[in-house]
Structure formats: structure tokens, C-alpha cells
Amino acid sequence: MIADLTTSLLIGAAVAWTAGIASSLLATRAPRWHRLAQACAVTGLACLVAVIASMWVSMQRPPLRTLGETRLWYASLLVLIGLLLEWRLRTRSIRIPMLGFGLLFTAIALARPEEFEHTLMPALQSYWFVPHVVVYLTGYAALGLAAGTATWEYYLARREQRPVQIRVPRLLVRTGLAALTCGLTFGALWAKEAWGTWWNWDPKEIWAFLAWATYLVLTHHERRLGEQRFLLSTVLAFAVILGCWFLVNLLPVAETSVHQYAVSPT
Amino acid sequence: MITTDDTWTWRQAAALCVAVVGAAALAQVSSPGTTVVLPALPWGIVIAAIPALIVFVIGLLWPRQAFFAGLGSVHLAACALVACMILAIPAAIWPQGTAAPEALQRFGFHQVFESLPFAAAAALIACNLSMACARRLRLIGFEPDFIATHLGLLIVIITAAGGSGSFLRGRVTLHEGAPPNALVLAHDGIRSAHLSAGLQLDDFVLEYWEPELRLVSGATHHRSQRQALEPGTKIALGSTHIRVQRYLSLCAVVAGVPQAFGQPGALPALEVTVSDSQGKQLAQGWLHAGGPFGEALYLPCGEAGTLVMEAPKARRFASHLRVHRADGVESVVLEVNQPLRLSGGWWLYQTGYDEKLGAASRTSIIEAVRDPAYPGIMAGALLLLLGVFGGLIRISREDQA
């Protein structure tokens, strides 16, 4: 029954965000569609939040362990950050990338339903678990949205024959880097409490370092890069995040990782 | 806003990086077994901190001098970070240590994070952070978020490097009923130390999650919810209904039939009946995960799939210890994520047990750690976090402006 409810809500989110993308495209010609697009974004987000809440209740643990679970958080956080930014900056330029990314991750969750395990190993039963993973996913979401917004902005600027604007991607990259730094520090504090060492150069930690250093270099050089190259770099840098999140599990080094619980049991 | 564009070009920063890291890499290749080990405290911290302090003072005294400005430039920071990243890439793909590919071992890059080139790149970053802080303070004044993030990171690097010579991490293996043990054997297998108290294991406790049932049909899996498996319990997996008839918490499988067997390492077994949504019985029989005392028992349920029982997984494990200190004996419980502090700077961490015996384990594996750099690293990490939050507030204000 929980599985049926989860699937229905995921389909609801996917439909809402598809409608949101369609309305956003229509809104480029007729602004009255903006309200509908915004309502669709909020509806989809509410569906996904309900999925996460129902999983949390039914599994009696935070649904933050496997790749499938983190994908759901990612889609939700991405749209949440996008909506907050829309409200704060009074911009609509992030809506299509935000809904597009959200829809992509929801579609993956629907296409590859995961067999969710209810157990949580002792090492993960810590008050650091939720803040560490949620802050990291917030960073990933902000940086994914930055890459999406950069691509969309580049496309729009070329179509409209105007200079590119980097205000939104730049703010997202800075926010994402701040979240990565917090996630990294929380992880070190947790590792100290669980194993007695701050940092082990575990494969996941090496990739986390690579991702953090990539964005450090990018933010320190944004003024010198120029606007077009900054947009391109934002997209390329996101590949390192994807490496840290997904690719690391496929590499020869993965078997030595203590972060193996992040891999889906299926 | 201070910029460092006019001091060093990319080429100059890259040249310094290549010279320093390249020389260290050559030294590493010529002597592949070399690792960077600083002496124990206080000399370790002196060796790590004094150069950074000298760079800081120079930055305060001559902030506009071209070479020193270049040393604190963003260009050098980027080049040193890129050098660290390039060195880390092989370790991000292949295992390190003795499991590393032969090519990495031949050139001494199988312990890259303790290698000379990585230490050289880290030293460049430390110099750059120190100089950048000093120049910023002198030329612009106190910018809280900049100083907090950069100084926090510098403190973390210096104290981690400086304290590494005194850092000791080792294993204490305790057996129930054995006399107090205070010997720590370091992970390098060479060093050993004595704890400030003797440890005696009174009892080792392991609790399992309830075993989970899976109904497997082709690529489709259904997994049971977390619930107690008692006689009479009903479980729905997809459109299939399962009713528990009997539950043996510890058993051995003899000639395909589970029998109560309260020996170390024994696992539970479950007798169930399986029926479809119309109530028609599909199968009846025993389930067992398989282990040292018997093969796995699973239940084919026709088109509905095959019902299997997973081996129970550890939910919590803890050691009930008696700590023999100079001033008396104290009873404590040591658990994962809840370390215990001893005198003399020692911390104890519950890490493992005899996994073959599971809940019947009478052995507890404890990690003992002595980390004199703890306060420094913690202070640096907190400063870094404060700087990040401050930076977020500033970015938000700047953007609004």
C-alpha cells in the first residue's frame, strides 16, 4: 500500500512538473501562464515531500541512505531552492532548469523503483546523519541548478542575441560551495566521533575533496574567467559532483570505501 | 576591493607550483618508499607553524612587495589546489596502499596523501593562506568572513600536519573474562602504546534488526516492513499474504528441518504459510538465511515468486566495560558513535566484534586514539564554519545591493 501511494505521488510530481515546464514555455509569450507554472512547481514539490515523509514514517528511519532515497531529496531540494530564489530575486530564469532537473530525477525514481531497506547500520545512527547528508544534498542541488541555469542562460542569450548574465548561477555556485564546505566539516566532525579520525582519504572523501577544490578554484576565479567561460565552467564543474555522487561507486576504488552503504541494495 | 591580478600572472604562479611540486615528485620517484612524517609534539607543530607565521609577518610588513603579493595571490591558490587535485586523481580511481596498481607503487604514489609532492602542494596552500590573510588585514582591514574562512582552513592544515607525529590510533581486542588489557597496537603494526587505564570486557551485546523477508520474482522484489516476527504475524508482500506459524530465534538446519540450537553463530528460522489475494494457499514451509549451522531454506511460491529470508543485520552493538583507573574501577558502556574519554588524551571507540559469531561474540574490538591536535583542528573547523555563514550573509547583502 505504501508502495502504491509512493508511486502515485511520484507520478503526481512528474505530471505537475511536466505541466509546469509547459506553462513556463507558454509564459515566455503570454505572462499569464506564470501563475500556473508556479502552482505546478509547488504541487510537485508537495507530492515529493509527501513521498519522503511517508517513507520516513514507514521505514522508521531517515530516508537518506541509498542512492534512490537521495535522488528524491535531491529533486525536492532543487525545486525548493529554485522557488526560494525565484521569490528572493524576483526572477523566472531558473524555473525551466529547476523543473527539468526535478522531473529528470523523479522519472529516474519511477523508472528504477528501489527496494528500500528498513535497516540502518549502527554507524549511521547518529545525530550527524541527517544534517550531514541534507546539507550535502542542498549543495549538490544548488550546484546542479547552477549548471542547469547556466546552460539555459547560454541558450537564451544566443537566441536573443544579448550578452549572458551570470547573477543567478554565480549566487547558486557560492551557496552550493558554502553548503559543500559545511557538509565536509560536518562529515569530519562525525568521523571524529565515530572512528576517531577527522579524515581518512576514503574514496568518497577524495571525490568530495575534488568537488570542493573544483568549486573553490571556480569561485576564486569567476571575475577573471569572463561571463561566458564562467557559465561553461559551472557546467563542467558539475561533472565532478556527479563523479562524487554516482561514478565513485563504479570505480575499482569503490570496494575499499567505508561509504558503501550509500549503494542501493538492489 | 583588492585584486592580485597585477602581481603574478598565471604563468608565474604555475611556474612556482611546477617547480616546488615537481621537485618533490622527482624526490618521491627517486625514493618511492618515502613518506612525510613530522616529529611528535611540540616539534611537529613548531615545524608546521613557524614557516606560516613567518610568511604572515612578512605579509604584514611588506604587503605590496611583488613576490610576497604573488605568494598570497588567487593565482597561486588555484595552481596549488589544482596540483593537489591532480595528485589525488589516481587515488580517486584506484585503491591506495598495498592494493594499489604496480605502476603507482613503483613511483611511490601508492600513499599519495603522505607523499612528498602532496605535502609540498599543501605547504604552498598554507603559505598562500597565511600571506593572503596578512595582506588582507594590512591593506583592507578586518573582513570577518574572509579572515575566518582562510584562517580556519590554515589552522586546520597546520594543526593536522603538526599533530600527525603524535597522533596514535590502534586496536585493543578484548575478550570476555580476560584480565584487564591496556595495550594499544597501532595500525602500522610497529608502534604500540599503553592506555592510561586497563580495560576489561564484562559483556558484549549485539542486537539485530528483525530479519526481513523478500519475495523475488524476476526483476521484481518486495521487501517486508520492519516488524516483529512472532507466530500469528501477517505480512503482505505485493499481492501475496504471509502468515508466520513458528519462529525459532536460534536454530540449526538438520536434514532440511530447522531445530532449536542455542549455539554461538546460530541464526533464526521461520515457518510460514503463503497465500494469494483470494486466500488460496501457495506454499508452506521453513525459511532460513543460511549460515554456519545449515543451508539456506527458501520457499517457491509458484508464479508469485520465491520467498527468501535475509540474514539479520546488526542494529546496535556495545561493550560493557570495567575501566581500571589509578583511582578506582568504573563500569561503562561503549557504543558506536558514543566514544569514551580516558585520561592522558585517549579516546575509545567501539568499532567491531567477531562477525562470524555475531550475537554470540565474546570478543569486542575497540579503537584507541590519541590526538593531541584535537583542540586546534576543532577550533579551525569552527572558525571555517563561522566564516562560511558570514560569507553567505555578505553574499546575500551584496546581491540585494
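Begin by selecting B:A121, then show what surrounds it: leaving aside residues up to four places away in sequence, B:A121 touches B:V21, B:A80, B:A83 and B:C84, where contact means heavy atoms within 4.5 Å. B:A121 lies in helix α6 of chain B, residues 116-139; helices here are DSSP runs of H or I with at least four residues, strands are runs of E with at least two, and both are numbered from the N terminus. B:A121 is buried, with a relative accessible area of 0%. Buried means under 20% relative accessible area, exposed over 50%, and partly exposed in between, using a 1.4 Å probe and protein chains only. Now draw a distance from B:A121 to B:V21: the two are 100 residues apart in sequence, yet 6.0 Å apart in space, C-alpha to C-alpha.

Before moving on, a word on the model and its labels. This is a predicted model, in which local features need pLDDT of at least 70 and side-chain atom pairs count only at pLDDT 80 or more, while totals for chains, interfaces and linings use all residues. Residues are numbered from 1 along each chain as its sequence is written, chains are lettered from A and ligands numbered from 1 in the order in which they are written, and side-chain values use heavy atoms, with hydrogens and water left out.

**Next: α1 and α6 of chain B**

Colour both helices. Their axes come within 7 Å and cross at roughly 155°; axes are lines fitted to C-alpha atoms, for helices over the stretch in contact, and angles run from 0 to 180 degrees between N-to-C directions. That makes α1(B) roughly antiparallel to α6(B). Angles over 145 degrees count as roughly antiparallel, under 35 as roughly parallel, 65 to 115 as roughly perpendicular and the rest as oblique. The crossing of α1(B) and α6(B) is right-handed, a term for the near helix being turned clockwise from the far one by less than a right angle, with anticlockwise giving left-handed.

Show side chains where the helices meet: B:L16, B:C17, B:V20, B:V21, B:A24, B:A25, B:A27 and B:Q28 come from α1(B), and B:L116, B:P117, B:A120, B:A121 and B:L124 from α6(B). By class, this contact has twelve nonpolar residues, one polar and no charged. Here Ala, Val, Leu, Ile, Met, Phe, Trp, Tyr, Cys and Pro count as nonpolar, Asp, Glu, Lys and Arg as charged, and the others, Gly among them, as polar.

**Next: B:L76**

Select B:L76, in helix α4 of chain B, residues 74-93. Is B:L76 buried or exposed? B:L76 is buried, at 0% relative accessible area. Among the residues that B:L76 touches, not counting those up to four places away in sequence, are B:W8, B:L16, B:C17 and B:N128.

**Next: α2 and α7 of chain B**

Select residues 43-61 and 144-163 of chain B, which are α2 and α7; their axes come within 7 Å and cross at roughly 150°. α2(B) is thus roughly antiparallel to α7(B). The contact joins B:G44, B:I45, B:A48, B:A49 and B:A52 of α2(B) to B:I158, B:T159 and B:G162 of α7(B). Its residues divide into five nonpolar, three polar and no charged.

**Next: backbone details**

Most residues other than glycine have a negative phi, and most peptide bonds are trans. Zoom in on B:L41 and B:P42, which are joined by a cis peptide bond with omega of about 5°. B:P42 sits in the loop between α1 (10-30) and α2 of chain B. Then try A:Q60, which is not a glycine but has a positive phi of about 55°; look for A:Q60 in the loop between α2 (34-59) and α3 (67-89) of chain A.

For A:C47, the nearest cysteine sulfur is that of A:C40, 11 Å away. A:C47 is buried, with a relative accessible area of 14%. For A:C182, the nearest cysteine sulfur is that of A:C244, 16 Å away, and A:C182 is buried at 5%.

Methods: Disulfide = S-S within 2.5 Å.
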